[in-house]
Amino acid sequence: ICEAAMERYEALSEYGSRYANVEMEGALSPCFKGIRRFSEAVFCCEKAFSLAEDPAPGALLVYHSDTRKEIPMIKEFIRDNLSKNFTVGEAAKHCHMSESYFAHVFKDETGFSFMDYVNRQRMAKARELLKKTDMTVREIAQAVGVENPNYFSVVFVKLCGESPREYRSRYRFDVRKDKNRWKKQEKTESE
């Protein structure tokens, strides 16, 4: 998009100077500078996202060339075993580290404590299940490894800003609204 906008700007500038005897450089240069800055920002974001590895929702993306190999391994373990209850001690044992050293390294590498990271991953999976399934909140809580549905709701509200039922109803309302819009378009096209 940015490249196309810059090409159009150059073509407009050339047309203005060649055929209308108008120098566009002064009039449109703030626009051109904005496009260039935006293009650079998009490039930086794309680079950051290509270096990032499946961040937790709300995570600050930081690239470390010296990331310990155990951290991506434990992140994958968490994603694959969300329905299981595991502790910092079990994760530390999985990485062959002491519990305190693992907790320090994990927080240093991810920006989150181990349990905060696990809860964030669980709530991300819960949001997905709330959107895509008709499972009850109790079933979703159990599917993401939280036995107590009340505790699940407390954590969900803390991390997502609304209750699981509110989240589901908001999403479902938007889906119905979009479906009705498409149905209306199909009717007008077929008539």
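Not counting residues up to four places away in sequence, L129 touches M135, I140, A143, V144 and R168, where contact means heavy atoms within 4.5 Å. L129 is found in helix 6. With a relative accessible area of 13%, L129 is buried; the term buried denotes under 20% relative accessible area, exposed over 50%, and partly exposed the range in between, with a 1.4 Å probe and protein chains only. The C-alpha atoms of L129 and A143 are separated by 9.2 Å, the two residues being 14 residues apart along the chain.

The structure is a predicted model, in which local features need pLDDT of at least 70 and side-chain atom pairs count only at pLDDT 80 or more, whereas totals for chains, interfaces and linings use all residues. Residues are numbered from 1 along each chain as its sequence is written, and side-chain values use heavy atoms, with hydrogens and water left out.

The chain contains nine helices and zero strands, and its elements run α-α-α-α-α-α-α-α-α from the N terminus on. Helices (H or I, at least four residues) and strands (E, at least two) are DSSP runs, numbered from the N terminus. Of the 191 residues in the chain, buried residues make up 28%. Among the contacts in the chain with a separation of 6 or more, 58% are accounted for by residues 24 or more positions apart.

Two packed helices are described by the angle between their axes and the distance between the axes. Axes are lines fitted to C-alpha atoms, for helices over the stretch in contact, and angles run from 0 to 180 degrees between N-to-C directions. The axes of helix 6 and helix 8 come within 10 Å and cross at roughly 95°. Helix 6 and helix 8 are therefore roughly perpendicular to each other; angles of 65 to 115 degrees count as roughly perpendicular, under 35 as roughly parallel, over 145 as roughly antiparallel and the rest as oblique. Helix 6 contributes D116, N119, R120, M123, A126, R127 and L130 to the contact, and helix 8 contributes Y151, F152, V155, F156, L159 and C160. By class, the residues of this contact of helix 6 with helix 8 comprise nine nonpolar, one polar and three charged. In this classification Ala, Val, Leu, Ile, Met, Phe, Trp, Tyr, Cys and Pro count as nonpolar, Asp, Glu, Lys and Arg as charged, and the others, Gly among them, as polar.

Helix 3 (residues 70–80) and helix 5 (residues 99–110) pack with their axes 11 Å apart, at an angle of about 90°. Helix 3 is thus roughly perpendicular to helix 5. I71, I74, K75 and I78 of helix 3 meet F102, V105, F106, E109 and T110 of helix 5. The contact of helix 3 with helix 5 has six nonpolar, one polar and two charged residues. E70 is also found in helix 3 and is buried, with a relative accessible area of 13%. Leaving aside neighbours within four places in sequence, E70 is in contact with C95 and M97.

Aromatic side chains were considered next. A search of the whole structure finds eight aromatic pairs; rings of Phe, Tyr and Trp (its six-membered ring) pair if their centres lie within 6.5 Å, and planes under 30 degrees apart count as stacked, over 60 as edge-to-face and the rest as tilted. F106 and Y117 form an edge-to-face pair, 5.4 Å centre to centre with 75° between the planes. This pair links distant parts of the chain, with F106 in helix 5 and Y117 in helix 6 (residues 114–132), eleven residues apart. F106 is buried at a relative accessible area of 0%, and Y117 counts as buried at 2% relative accessibility. F156 and Y167 form an edge-to-face pair, 5.7 Å centre to centre with 75° between the planes. This pair also links distant parts of the chain, F156 lying in helix 8 (residues 149–160) and Y167 in helix 9 (residues 164–190), eleven residues apart. Both F156 and Y167 are buried.

One aromatic cluster is formed by F77, F86, F102, F106, F114 and Y117. Over the ring of F86 sits the charged end of R122, 5.8 Å from the ring centre; the criterion is NZ of Lys or CZ of Arg within 6 Å of the ring centre and within 35 degrees of the ring normal.
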